Amino acid sequence: MRFAFTDDQLAFRDAVRDLLAKECPPEVVRAAWPDGTDAHGARKGEGARADADRVAKVWTDLAEMGVLGIGVSEANGGLGMAEVDWVLLAEESGYAALPHPFVETTCVVAPLLDDTDDPHDVLAEVLAGERQAGAVSLTSALVPWGDAITYLVSIDRPQGDGWVVRRVQGGLAVGDTADQKRTLADTVDAGRRVVRLGAWQADAGFATGATAERAFDRGALGTAAQLVGLGRRMLDLSVGYVAERQQFGVPIGSQQAVKHHLADAAMALRFAAPVVYAAAWELATGAPTASRTVSTAKALASDAARLTARQALQVHGAIGYTTEYDLHLYLKRAEALSRTWGDAAWHRRRVATALGI
Amino acid sequence: MDLTWSADEEAFRAEVRTWLETELAAWRERHGNRILSGDTTEGFAQHLDWERTLFAAGYAAVSWPQEVGGRGASRWEWLIFEEEYYRAGGPQRVTQNGIFLLAPTVFEFGTPEQQAHILPRMAGAEDLWCQGWSEPNAGSDLASLTCKATRDDERGGWVLDGQKTWTTRGAFCSHLFGLFRTDPESQRHRGLTYLLVPLELEGITVRGFGRLDGDEGFAEVFFDGAFLPDDALPGGVVLGGVGEGWSVAMATTSSERGLTLRSPGRFTATADRLVELHRQRAKGDLDPGLRDRVVQGWMKAEAYRLQTLQTVTDDAEGRSAGAASSFVKLWWSELDVELHETALDLLGAEAELDDAWSKGWQFSLSGPIYAGTNEIQRNIAAERVLGLPRK
């Protein structure tokens, strides 16, 4: 028994953390937001934006580090590592609110193509960062970073219990290649650049059963890890703010009501995180309870991130309720991710089934 | 990362499981299959019998060294023992406040002579220890305590005056460990001493009173000029140094709040029983929302188990949890209430009847209060873990 990461795993985490701290600060997250106004005429965002090419650079940097292929065998050009090796990297991508399909590409599609012998011959381009791969699950028609996706899969249970992975061809509003302009949906977290998937032709799929279910579990796991990361980001912002902000002549963080809000958020994150890590280990080792643990992780992480978002906003007060301040970038991302790859209630139902109730 | 148990650990689990199955049945049989609460006079005697059964087999305090009554088990084996103990439905440990609260402090601060005397008698349930901290006017604000111990060099000992209260199982215990003000000029955390007190001394009166759950589990302890001789216990009656009581006591609080008092096995066993209760009740007309709550409770117990494995690993590798034990206390105490409330809702109108769930629910209500209220724990977590400014 040893519930801890190896020094190598932690060193890789630190390298990615450092890269993202430098290359993916809030102004880069903002730069992924489209200009202009939403469907209601409201402005989509304010605040300092980095140049748009810095958004693309983060992805290229991650590709150069080998991160995109961490879950792909060495024979297929990856690093030959497993879920327990990338779970901390996913957490860091959440902490940074990385404006790219990290979970979809790195955690789901690349390892899946590796598992299925790359049936559409796109893996090399995905690993090189030349092609962004997307995935939608559980009948969702919203494709995050949909304007850049050039390879898309659907992971679902069309008959209720059997998992199937199918390639989605057609259906993205305007064509399936990146150079064709697609229409972004108006969304709360506009930095996710969601494109609505239209009607598409379903085939029998290229992965089923355990392979397909593992692909889904990787998506839920990666998202759960991102939620823990986002929660930590919001907590860090809050701890910093309440120590500085003075009211009644004292830092507001010295008030018990504020302390208790943040202690609750920190506790929820602190108990969700080990479940996320254990789920990664169980998936990597093929433990029979792996899917149940993934669902436990996703449910707890979703709830923890949502609680943290609420408490973080509350302790910030009005400054947090602006688009100029950074908190909303993380708060909106957390809310979106808490409901993708199955929301907390969906995962609790899956755990209930696994427990036989 | 490796979340599997070794073959030796699995063998230990099998051995414990078999032993518990046999011995629990035998113990219940000896008492006519009518086991009462350990916080009643008759029930306490039954539970003492059980404690001595555990001790004879080396299971009273598995992680202690053999020389003081344990079996030198690893922290991992201790967790396994706890899982099996609660899975088998083992009874409350009436020796608990000694074994889980005082013993860690004795290991850390006791002299070899104190350790050799106190620990084996504690494990063997010959001496039964209660905790003398709270006073009528010193609860969460423990440092405001006023019980005093006045030095009497002529007779060689301490004269005790004052009152302790809400002392768990005080009416059944033989000894008390507590904090006393030994420097009359001192304020707050200074000038306190951690004393070990036999309750049979003249001038000490113990009055038991009912807890919310109806058992006579509480006591108030009055000290009226009681003389505590230095040699009342081999190795002396002061644990740590005179005037060092606060820092010595704080070592016990982190044991109490953290892992040792409430191992995950207690809650995973309760959660599993809750799942089973849902299975039984699901035949009736059950609100579908209850299933969600059962799962939520089960998941939180699982999170507690996994968080513990992480903490024990960190501890073994020298990364101390420190003040984070406050989060642990918050988690298990609130989880315990949640699990029991869900069980009562599953039972519906029947929940009013006395049974293990309604009894357990009443007990669970004490969790957010004892071992430092949850409000205090949130302050500690926010200040010492998150680093928020103090008042």
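Now the ground rules. This is a predicted model, where local features need pLDDT of at least 70, side-chain atom pairs count only at pLDDT 80 or more, and totals for chains, interfaces and linings use all residues. Residues are numbered from 1 along each chain as its sequence is written, while chains are lettered from A and ligands numbered from 1 in the order in which they are written.

Confidence next. pLDDT is the predictor's confidence in each residue, from 0 to 100. Chain B averages 94, and 98% of the residues score at least 70. For the complex, the predictor gives an ipTM of 0.96 and a pTM of 0.96.

On to chain A. Chain A has 11 helices and eight strands. These are DSSP runs numbered from the N terminus: H or I of at least four residues for helices, E of at least two for strands. The radius of gyration is 20 Å, close to the 21 Å from the globule rule for 357 residues, so chain A is as compact as a globular protein of that length. That radius is taken over C-alpha atoms, and the rule is 2.2 Å times the number of residues to the power 0.38. Along the principal axes, the C-alpha atoms fill a box of roughly 65 × 50 × 40 Å. Buried residues make up 53% of the 357.

Contacts, then. Two residues are in contact if their C-beta atoms, placed from the backbone, lie within 7 Å. Take the contacts in chain A between residues at least 6 apart in sequence: 70% join residues at least 24 apart.

Which helix of chain A has 36 residues? That is α7, residues 209-244. First C-alpha to last, α7(A) reaches 53 Å, close to the expected 52 Å. The expected span is 1.5 Å times one less than the number of residues. α7(A) is mostly covered, with 27 of its 36 residues buried.

A304(A) lies in helix α9 (residues 290-316). A304(A) is buried, because 31 other C-beta atoms lie within 10 Å. Beyond four places in sequence, A304(A) is in contact with G231(A), A268(A), L269(A) and A272(A).

V188(A) is in the loop between β4 (164-167) and β5 (195-196) of chain A. V188(A) counts as partly exposed, because there are 14 C-beta neighbours inside 10 Å. Beyond four places in sequence, V188(A) is in contact with K332(A), E335(A) and A336(A).

Last, the interface. How many residues does each chain put into the contact? Chain B gives 41 residues and chain A gives 35. On the side of chain B that touches chain A, α7 (264-281), α8 (289-316), α9 (325-347) and α11 (374-385) of chain B each supply at least two residues. The largest share, 16 residues, comes from α8(B). By class, that side of chain B has 23 nonpolar, eight polar and 10 charged residues. Here Ala, Val, Leu, Ile, Met, Phe, Trp, Tyr, Cys and Pro count as nonpolar, Asp, Glu, Lys and Arg as charged, and the others, Gly among them, as polar.

Definitions and conventions: A residue is buried if 20 or more other C-beta atoms lie within 10 Å of its own, exposed if 12 or fewer, and partly exposed in between; C-beta atoms are placed from the backbone.
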